[in-house]
Amino acid sequence: AGGKSNLYVEQTVTQEIRVKGEGVSKKITIEYKNDQPFGIWLNGINRDYVRFYVPKGSKLLSSKGSEAQVTTIEDLDKTVFEAFIQVRPQNSRKLEIEYSIPYHPQGQYNLLIQKQPGAKDFRYKIKLNGSRKADFNLDTDKEFKFGL
C-alpha cells in the first residue's frame, strides 16, 4: 500500500554496545525519515516489518516504537526480534530495541554487521561504552574488532 515509498525513506542505525564485567547489552536505534510529500511518484505510507538477527540466546530487555508487540523467534541459528513500523510521507519514526547477548569478550569485542542483500545503503554508527567507534555508510557486510 506504500507503492515504492522505500525509495524515499532514509535510515540511520545507531548501535550502542555496553560491556560491563562479564555481560554485554546493546541498544539499537533505527531512525526512519521520509522528507517527500504524499502523492509524488510511488510515495505513500511505508509499512515495514523489521527483523533483528542477533546472537542465539539473546534476551530482549525493552523496545520502543513498534506498532505491534516485538516478538522473539529462532531462525537460521539466531535469535530474531520482529517489529512493525509505519512511516508517513514528510514524517519520521524511531524504532529502538535493547537486549543482552550471551557473549563474554576477553580484551576484544568482535562485531559482524550483515547487510540485507538488495536493500538500500544506509548510515550506520557504532558506540562502545559511550565512545564513538565507527560512522559509515553500510554498503556491504562489515566486521570489526574493538579493543576493550
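Predicted model: local features only at pLDDT ≥ 70, side-chain atom pairs only at ≥ 80, totals over all residues.
User: Thanks! In what sense do β4 and β7 pair, and over how many bridges?

Analyst: Here is the general idea: strands of a sheet pair through backbone hydrogen bonds, in a parallel or an antiparallel way. A strand is a DSSP run (E, at least two residues), numbered from the N terminus, and two strands pair if DSSP finds at least two bridges between them. In this structure, β4 and β7 are antiparallel partners, joined over five bridges.

User: In what order do the six strands of the open sheet come?

Analyst: The order is β4-β7-β2-β1-β9-β10, with mixed pairing. At the edges are β4 and β10, each of which pairs on one side only. On average, neighbouring strands here are turned by 15° against each other, direction ignored. For that angle, axes are lines fitted to C-alpha atoms, and angles run from 0 to 180 degrees between N-to-C directions.

User: Let's zoom in on β1. Is T14 buried or exposed?

Analyst: Buried means under 20% relative accessible area, exposed over 50%, and partly exposed in between (1.4 Å probe, protein chains only). T14, in strand β1 (residues 9–20), counts as buried because its relative accessibility is 9%.

User: Which residues does T14 touch, apart from those up to four places away in sequence?

Analyst: Contact means heavy atoms within 4.5 Å. By that rule, T14 touches K27, I28, T29, K125 and K127. Take K125, which lies in strand β9: K125 is partly exposed, at 25% relative accessible area. Beyond its neighbours within four places in sequence, K125 has contacts that include T12, V13, T14 and D135.

User: Now for charges. How many salt bridges does the structure hold?

Analyst: Side chains of opposite charge can pair when their charged atoms come close. A salt bridge is counted when a side-chain nitrogen of Lys or Arg is within 4 Å of a carboxyl oxygen of Asp or Glu. The structure holds eleven of them. One joins E67 and R93, at 2.7 Å from N to O. That pair links distant parts of the chain, 26 residues apart: E67 is in the loop between β4 (59–64) and β5 (71–75), and R93 is in strand β7 (residues 91–101). E67 is partly exposed at 38%, and R93 is partly exposed at 27%.

User: What does D135 form with R123?

Analyst: D135 and R123 form a salt bridge, their closest N and O atoms being 2.9 Å apart. D135 lies in strand β10 (residues 131–138) and R123 in strand β9 (residues 122–128), so the bridge ties together parts twelve residues apart in sequence. D135 is partly exposed at 32%, and so is R123 at 33%.

Conventions
Residues numbered from 1 in each chain as written. Heavy atoms only, no water. Helix = DSSP H or I, 4+ residues; strand = E, 2+ residues; numbered from the N terminus.
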